[in-house]
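Here is a friendly tour of one protein model. Keep the sequence and the 3D view at hand as you read.

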Amino acid sequence: MTKRIGAVNERNRPAGGSSINLRFLRLAFVALALGAGGGAVAQKTDAGAAGRNAKTAGSEPRLNLAINEGGAANADYSETIFRFQEFAELVEKTLNMKIAVVGARDRNRLKENLKARAYQLLLARPNDVPAEAVRDFGYQVIATAKEPSQTWFVVMHDSPVRTIADVKGRTIVTPDQYSNMWRVAHAMLRDQKIDMNREQVKSMRDQAAIGWSLQSGFFDVGVINSISGVARTWEKNGGRVIAKSRDLPNMPFIASPEVTSAQVAKLRAAVVNLDQTEQGRAILKKIGLTGFQETQNKALLDFLAWIGDLEVKQP
């Protein structure tokens, strides 16, 4: 496609701020779009100022679509934007509005910008942050992925650990502390009367690194996401799954209060029907999903009620 949706990298930018580096990025993206023969570039250099209806004087309305793939994503920023390009174009066509794609990779900055309503739309793999945006900041769920996710406790095939109750006293490797999977793992152990804060727990950002660390004998038990690459091959390669969480909302797509009910309805219909056409299935395949399903806010709120507000204890 020759058309390009605007893109902004949020990783090193304070919420609501701008910088010389961002002005340089803006010029770079404009030059890139012009060099490729692309159309208008919807560029945002101030996330806070973009929040209120995403309007600027003398310009047409625009919406910010933030993409967050969490710790499971190994792709760099440009690869993420490339993979979600067609999805953003679908949103633009559905709403007949310009869309600025924002690569929101930092968890804390993402939460700050959601609170400031700097993002009108968010598509996020970690489900706890969008769930908190629904509960605390007035966002609403458009849809979630058809395939639910689970958090798994896994061991090697010859491990003496057979059930989640046997995890007590073992060395455990998990995703980042206070990440959504860490919080789910904490809740799973809590339900077994095991306090994960008292266990020997180390954290790693990358799912593949967790699998490799187990295979290398550095830890007894690992915590992984059921939809990750390492999980899809874990049992095929001889590993064992000793516990699975309940089904969890996967890849929530949410909208801020600035997005009208009519716009939400249009977006919901568009993404839920993506798997009905060849072009739609191609978009889904590119972003790693089989389809979307309609989901109510309650599903995310119930999920939060179960895992609890552990992050408030973070130093």
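Leucine 189 touches Phe153, Ile164, Val167, Ile172, Ile194 and Met196, not counting residues up to four places away in sequence; contact here means heavy atoms within 4.5 Å. This is a predicted model, where local features need pLDDT of at least 70 and side-chain atom pairs count only at pLDDT 80 or more, while totals for chains, interfaces and linings use all residues. Residues are numbered from 1 along each chain as its sequence is written, and side-chain values use heavy atoms, with hydrogens and water left out.

**Nonpolar cores**

- A nonpolar core is a set of buried Ala, Val, Leu, Ile, Met, Phe, Trp, Tyr and Cys residues joined through side-chain atoms within 4.5 Å; buried means under 20% relative accessible area, exposed over 50%, and partly exposed in between (1.4 Å probe, protein chains only).
- The largest nonpolar core has 40 residues, and those touching the most other members are Leu114, Phe153, Val167, Leu189, Val221 and Ile242.
- Several elements each supply at least two residues of this core, among them α4 (107–115), β6 (151–155) and α6 (180–191); helices (H or I, at least four residues) and strands (E, at least two) are DSSP runs, numbered from the N terminus.
- Helix α6 gives the most to this core, with six residues.
- A second, separate core of 32 residues includes Leu63, Leu121, Ala255 and Ile283.

**Salt bridges**

- A salt bridge is a side-chain nitrogen of Lys or Arg within 4 Å of a carboxyl oxygen of Asp or Glu, and by this rule the count comes to 16.
- Glutamate 86 pairs with lysine 286 in a salt bridge, with the closest N and O atoms 2.9 Å apart.
- This pair links distant parts of the chain, 200 residues apart: glutamate 86 is in helix α3 (residues 85–95) and lysine 286 in helix α10 (residues 278–286).
- Arginine 183 and glutamate 132 also meet in a salt bridge through their side chains (2.9 Å, N to O).
- Arginine 183 lies in helix α6 and glutamate 132 in helix α5, so their pairing ties together parts that are 51 residues apart in sequence.
- Both arginine 183 and glutamate 132 are buried.

- Is asparagine 225 buried or exposed? Asparagine 225 counts as buried because its relative accessibility is 9%, and its place is in strand β9.
- Tryptophan 212 sits in helix α7 (residues 207–215) and counts as exposed, at 51% relative accessibility.
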